[in-house]
Structures are given as C-alpha cells and as structure tokens.
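Let's take a walk through this model together. Have a look at the sequence and the 3D view first, and then we'll start.

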Amino acid sequence: MSDTPILTIRNLHGKVADEDIEILHGVDLEIGRGEIHAIMGPNGSGKSTLAKTLSGHPGYEATDGEVIFEGEDLLEQEPDERSQSGLFLAFQYPVEIPGVSIANFLRTALQARLDEDEELDLFDFQDQLLSRMELLDMDPTFAERAVNDGFSGGEKKRNEILQMAMLQPKLALMDETDSGLDIDALQVVAHGVNALAKENPEMSFLIITHYQRLLNYIRPDHVHVMVGGRIVRSGGPEVAEELEASGYESFKPAAAG
Amino acid sequence: MAESTKIQEPIGGIMEGVTEALNADAVEALAGGEPVWLAERRREAWSAYERTPLPTTRLEEWRYTDLRRKLKLDSLRRGEWAERTFDRSGAPERLVQAMDADRAASGHLVEFDGAVAHVDLLEELAAKGVTLTPLRKAISEQGELLESLLATEALPASAGKFQALNAALWTDGVLLHVPRGVRLELPVRVTRWFSAESAGAAHFSRTLIIAEEGSQVSYVDEVLSDDLPAQTLISSAVEVFARPSAQVQYVSLQRLGRGAFHLSQQRTLAERDSTLDTLNVSLGASTARLDLNARLLGPGANSDMLGLYFGDEDQHFDHNTSQDHVAPHANSDLLYKGALDGDARAVFRGIIKVHPGAQQTDAYQTNRNLLLSEEARADSLPNLEIEADDVRCSHGATVGQLDQDSLFYLMSRGMPRSVAERLVVMGFLGEVLSRLPLGGVVEKISGIVEEKLHG
Ligand SMILES: Nc1ncnc2c1ncn2[C@@H]1O[C@H](COP(=O)(O)OP(=O)(O)O)[C@@H](O)[C@H]1O
Ligand SMILES: [Mg+2]
C-alpha cells in the first residue's frame with residue numbers, strides 16, 4: 001500500500017457548475033506518500049479551481065478524467081467523506097462562521113469522525129488543542145474566538161494550519177497559505193507544516209503558491225507549473241528557482257491550446 | 001350558540017369575540033367574591049373588550065396574522081381555575097425535566113393548567129421582604145400593590161383588544177416584588193405547564209414584577225406543554241417595573257406544543273438609571289404572537305431587547321415590538337434573530353419611537369432571519385418615528401439563506417451536511433444568547449434550541 005500514490009489525477013477537466021466555463025483543461029498529477037509537491041502558476045491559471053474540485057466544492061464540476069485518492073474514486077464522494085478519508089484543504093479565502101468558536105468547530109469536526117456511539121474525549125482534545133496552538137505560536141484565548149470572524153489575513157491562515165494540525169489529514173492541499181503573511185507569520189506557518197511532516201512521514205502536501213517565497217522554508221520534492229488550466233512543466237525544486245529567475249512568460253501554453 | 005349570535009347582531013361587529021365561554025357572565029363569575037376595585041377593573045376591561053373590534057389584517061399591526069382564520073375563539077372553552085398542589089412523582093416528564101434544569105434559583109413557582117401549584121423562595125430573601133406570590137393569593141395578601149399596579153400603568157385594558165380580554169378574565173399568575181436595594185443572585189424560575197386536559201380552552205394569566213429602587217432581579221418564565229389535541233389559547237400579560245437604578249432581566253421561554261396559540265403581551269417600564277433587559281425565545285406553539293412595548297421613562301434608563309426564534313413545519317411567529325423613548329438620555333438596543341425551516345413563517349415588526357424632548361436617545365433595532373428551506377418565509381418591518389433632533393437611531397433587517405460557502409467550509413472539515421447546518425444555525429442564533437449574562441439560563445436555552453434543531 002505504501003508504494004501506491006496517495007493521489008492520482010488523470011486528464012481532469014473541470015468547469016464552473018451551472019455555467020459553460022471550462023477552467024481545467026486536462027490535469028495530470030501523481031502524489032506519492034510522504035511527498036511534498038508544489039504547484040506554481042500565475043493568477044487565474046486554475047490552481048484554486050483544482051483545489052476546490054478536489055475537495056468537492058459545489059460550485060465546480062469535474063466533466064472528464066478521474067481522481068483516485070487512497071484507492072477510491074474521489075469525485076464520487078461528498079466533501080465530508082473526502083475529508084474523513086484524509087483530504088484537507090487549507091483555503092485561500094477561509095470562511096467566517098459567526099458565533100461558532102474555533103474550539104467548538106474543531107470538536108464538532110473531530111466528533112464527526114467517530115462512530116455514532118463514541119464520544120470525543122474532551123480532555124485529550126483540550127490537550128491536543130493547546131499544544132497545537134503553542135506549536136503555531138497562538139494565544140490560548142484564540143480558540144474561543146468565532147471562526148475567522150474579524151480575523152486578520154494572517155490569523156485566518158494560521159487558523160487553517162491549526163485545523164490541519166488537529167485533523168491530521170493524509171494529504172493537505174494548501175492554497176496560497178503564504179499570501180498576506182508577513183515574514184514572521186510565514187516562518188511560523190512553515191515551522192508548523194515542517195513539524196507535522198516530520199511527525200508523520202507518510203503525510204503528503206500539495207502546496208499552491210505563485211511565489212517562490214514559501215518554498216524557501218518548506219522544501220518541495222516536486223514542483224509543477226500550471227498555466228491556463230494545465231500543468232505545463234514538472235520537475236524538482238530547481239523548477240521553482242527557474243521561475244523565480246525568468247517568471248512565467250517562458251511557460252505560456254503553446255498557442256494551439 | 002344561538003344566544004351569542006343574538007347578542008352580537010344588533011351592535012354589528014362591535015361585540016366581536018363575545019362567545020358562549022368568553023362573555024360577561026364569565027367576568028361576573030370571577031368578580032363575584034373579589035374586592036370591589038378588582039371586580040370593577042374586570043368589568044371595565046370587559047366593556048373595553050366588547051367595544052374593541054377584533055383586529056383584522058387591514059391593521060398594520062396584524063397584517064400578517066389573520067386572527068379570524070388562525071384563532072377560533074368560538075370553539076374555545078374557558079379554562080377553569082382549580083386548587084392544585086404539585087406532585088413531582090405524577091408530573092409529566094417534560095415538566096420534570098424543565099424543572100430539573102432550574103435547580104439553581106432564588107425561588108420557583110409552578111403553574112399547572114393555569115393555577116399556581118407550587119411556590120418556594122429562599123428564606124434569606126423572604127426575610128429581606130422579597131415576595132413571590134400566586135396572583136390570586138396576592139389579591140388578599142398584597143391587595144394595595146395590585147390595586148395600584150395591576151393592569152393600570154403598564155398594560156391597562158385600553159392597550160388593545162386582547163390586553164382587555166386578559167385584564168377581564170385572568171385567573172392566576174405571579175406577583176414578584178423586590179424591595180428597595182435587595183439583590184437576588186440567582187434567577188426566579190417560573191414554569192407554567194399546560195396538560196392535555198387544558199386543551200381546547202382559553203387560559204389567561206398575568207405576571208407583575210416590581211423591582212424597587214436599586215434592587216436587582218432576573219426572572220425566567222418558561223411556558224410549555226406537549227402537543228395539544230385542540231386549539232388552546234394561552235394568553236400571558238406581563239408587566240415589569242424597574243424603579244430608579246433597579247436592574248431587571250426578564251426572560252420568556254416559550255416551548256408549547258402544536259395546537260397552542262400563544263399570545264404574550266409585555267410592557268416594561270424603565271425608570272431613571274435602571275436597566276430592564278428582556279429575552280423572548282419562541283420555539284413552540286402553532287401560532288405565537290408577541291407584543292412587547294419597552295418604555296424608557298427616565299434619563300439613564302437602558303433596555304436590551306433580545307429575541308430568538310426557531311420555527312419549523314407550519315409554525316407562525318409574529319413579533320411586534322416598540323421601543324418607546326419618553327425620557328431623554330436613555331438607550332435601547334434590540335436584536336431579534338430567527339431561523340425558519342419547513343413552511344414556517346415569521347414576522348417581525350418593530351418601531352423605535354422617540355417622543356418630543358427625548359434628546360440624546362440611543363436606540364437601535366436589528367432583525368435577522370435565516371431561511372433553511374425554500375418554503376420558509378420571513379417578513380421584517382423595522383420602523384422609526386422620531387420627534388427629537390439630537391438622537392442616534394438605526395434599524396436594520398435581513399432575510400438570508402444558509403450560505404453555500406459556509407456549509408462547504410464545514411463539510412470540508414468532515415462534518416456531514418446536517419451537522420454543518422446545525423452548527424451554522426447555532427452560531428447565528430448564539431449571538432443573541434451571548435449578549436445575555438445569565439450563565440445557567442443561556443446554557444439551558446441553547447440546549448433546547450439544539451434539541452429542536454436535531455428534529
Ligand atoms: N465561480 C467562477 N465563475 C466564473 N469564473 C471562475 C469561477 N471560478 C474561477 N473562475 C475563473 O477561472 C480561472 C481560474 O481561477 P482560479 O482557479 O481561482 O485561479 P488561481 O487560483 O490560479 O488564481 C480565472 O479566470 C477565474 O476568473
Ligand atoms: Mg487561487
């Protein structure tokens with residue numbers, strides 16, 4: 001089992017639901033267990049659409065191709081099933097849930113993973129939460145604040161990583177987690193991610209970004225370049241450095257499309 | 001039947017709502033053994049009732065609740081008062097549960113089918129002169145207080161058709177009197193239960209709360225029943241007086257079964273530097289109408305007015321509020337939030353009235369609705385009537401659906417749709433409860449709301 005990839009995407013086409021706007025024009029990608037991948041690409045190239053399609057956002061629809069996650073057809077599953085089988089999306093734009101504290105939110109998410117007759121151990125939960133918050137350099141009172149309600153950009157991103165640390169997914173999609181973070185916050189987030197990766201060597205990451213910056217702190221094994229809804233180049237960490245030097249111009253898709 | 005039509009005919013519409021059960025004889029039956037002042041007050045109220053037409057949907061205040069269709073006055077018996085004692089072992093399960101959640105209290109009062117069946121009050125409070133008395137008993141024990149304040153300054157018969165009906169026909173209720181400077185740490189808990197035997201009848205009870213100068217009290221009224229096999233009218237008239245610098249919190253928790261038509265008419269009078277907050281929670285009944293009039297009578301008075309409702313199936317909630325700023329330098333802040341599922345419907349109509357001379361008024365009013373189904377409906381009608389120039393007032397209303405992005409966010413964390421929906425709704429309604437500084441009460445209410453959300 002360890003040799004089979006955690007995620008295999010073959011020829012994935014995706015569009016905006018209820019509209020005839022195709023955004024993903026055939027994406028192929030394979031992620032092995034314990035690997036860190038990065039997808040880089042200019043604004044509007046379809047990175048978030050890929051992440052949302054993978055996690056089952058109702059606003060997007062896969063029209064062709066297949067996605068195998070943990071040996072199962074991912075596209076058949078509801079978003080909560082995808083999460084429960086180990087997929088996690090750190091949102092580019094986390095959503096505000098007024099009146100629901102982070103602690104309550106996480107408690108509910110963890111309880112939902114248990115059998116109906118099983119009760120979450122609240123002491124364990126509290127311990128976990130506190131130590132994870134410490135890892136991410138968060139004040140303990142943070143857990144009592146309503147999810148993302150009135151949070152700064154940096155707080156929202158940190159909250160995403162906190163959720164990731166608590167839910168312990170097998171594959172984390174991180175959509176522009178670095179955007180809007182100052183250098184201190186960026187380091188805290190990177191430190192958290194690296195700590196998780198070290199803790200669980202089987203855990204895989206797909207880091208979406210359009211800057212090289214984050215990749216200075218989290219070293220990817222593989223880097224892919226996405227332009228115009230396709231992956232146009234894949235390689236090792238050197239691809240990110242190339243991009244940094246020459247920009248996306250050289251990766252424009254062949255005019256034929 | 002024939003007789004009641006005969007009585008109505010000659011006057012044509014003016015004696016609407018006079019029925020075989022609700023009539024002058026019923027008033028006389030009550031007035032019979034009572035002191036003259038009370039008998040006269042009942043008769044005057046009855047005469048006001050007779051003279052007032054039944055509200056129609058042509059009236060703005062009743063536009064969305066068609067009484068003629070929703071309330072079958074002709075079919076109602078009169079709820080008879082009977083001597084009761086409370087026996088816990090034979091009590092209905094829901095009543096016992098409700099009471100068990102209320103252990104921490106300054107005192108308890110239990111009403112059973114419209115008659116007070118139990119009262120207790122902490123001895124140290126009784127020693128300080130606090131009284132918690134069944135209203136019927138208060139007629140003899142605290143007659144002077146009733147004579148001056150029952151259905152006079154706050155909710156007189158002239159306030160409206162049903163205020164008059166209640167003032168004429170009330171059978172029991174509660175008098176709470178907190179003397180000057182006395183502070184109650186724990187809430188007074190009142191539980192009013194309606195059994196299946198009470199179904200098909202009209203019940204009238206009154207609550208009179210007087211917090212004297214500098215005193216402090218919180219009061220929680222919970223009215224509940226199982227589903228009732230026939231339409232049952234439960235009329236509650238509530239009068240609350242906060243004397244200068246008093247602090248009062250009044251909470252009403254309505255958990256009646258289907259079949260109930262709940263009519264709650266409340267008036268709060270806040271004098272100088274007092275705080276008079278209310279929370280009205282509507283979860284039960286087939287139809288529930290609330291008329292709440294908060295009057296700010298002295299400078300420095302403050303009223304937070306909170307409301308929370310959650311309707312499903314074909315429930316109908318109608319909230320009619322007014323914030324009456326009579327004095328300058330007073331604040332009122334209203335927040336009513338509700339969620340509606342199934343075919344449920346809610347109406348909110350609120351007005352801020354700033355009387356001439358009530359300068360430096362701060363008055364706010366917000367109503368927010370969350371629709372959980374295609375068929376649910378909410379109408380929100382906020383209003384301002386301002387006759388002073390140096391004021392800060394605002395009002396806002398929203399009716400929205402469950403947001404897809406919020407649901408997706410929660411589901412992407414592994415919560416099934418139903419769990420995600422519940423969490424969003426609890427968060428939405430929770431804002432109201434977070435404003436009420438009454439620990440145990442808030443916990444109980446959120447537990448009950450959550451229970452209803454589980455369906
Ligand atoms: N819901 C939508 N409706 C219409 N167009 C969309 C929608 N979502 C994304 N797009 C379009 O698809 C393209 C890719 O968007 P996105 O996936 O957000 O790109 P990226 O994350 O790489 O910046 C953009 O041109 C964007 O405008
Ligand atoms: Mg994006």
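What follows is a short tour of a ligand's surroundings and then of a helix.

This is a predicted model, where local features need pLDDT of at least 70, side-chain atom pairs count only at pLDDT 80 or more, and totals for chains, interfaces and linings use all residues. Residues are numbered from 1 along each chain as its sequence is written, chains are lettered from A and ligands numbered from 1 in the order written, and side-chain values use heavy atoms, with hydrogens and water left out.

Start at ligand 1. Its shell (residues with a heavy atom within 4 Å of it) includes Val16(A), Pro42(A), Lys47(A) and Tyr60(A). Sorted by type, the shell has 5 nonpolar, 6 polar and 1 charged; here Ala, Val, Leu, Ile, Met, Phe, Trp, Tyr, Cys and Pro are nonpolar, Asp, Glu, Lys and Arg charged, and the others, Gly among them, polar. Helix H1 (residues 47-55) of chain A gives the largest share, 3 residues; helices are DSSP runs of H or I, at least four residues, numbered from the N terminus.

Now zoom in on the ligand's oxygen atoms. A side-chain N or O atom of Thr49(A) sits 2.5 Å from one, and a backbone N or O atom of Ser48(A) is 2.9 Å from an oxygen of ligand 1.

Next, find helix H4 (residues 122-135) of chain A, with its 14 residues. Buried here (under 20% relative accessible area, 1.4 Å probe, protein chains only) are Phe125(A), Leu129(A), Arg132(A) and Met133(A). Down the axis of H4(A), they fall within an arc of 100 degrees (taken from the directions from the axis to the C-beta atoms), so they line one face of the helix. The face turned away from that buried side carries Phe123(A), Asp127(A) and Glu134(A), which are exposed (over 50%).

How values were computed
A polar contact is a pair of N or O atoms within 3.5 Å; within protein, one must be able to donate a hydrogen and the other to accept it, and residues adjacent in sequence count only if both atoms are side-chain atoms. Helices (H or I, at least four residues) and strands (E, at least two) are DSSP runs, numbered from the N terminus. The expected span of a helix is 1.5 Å times one less than its number of residues.
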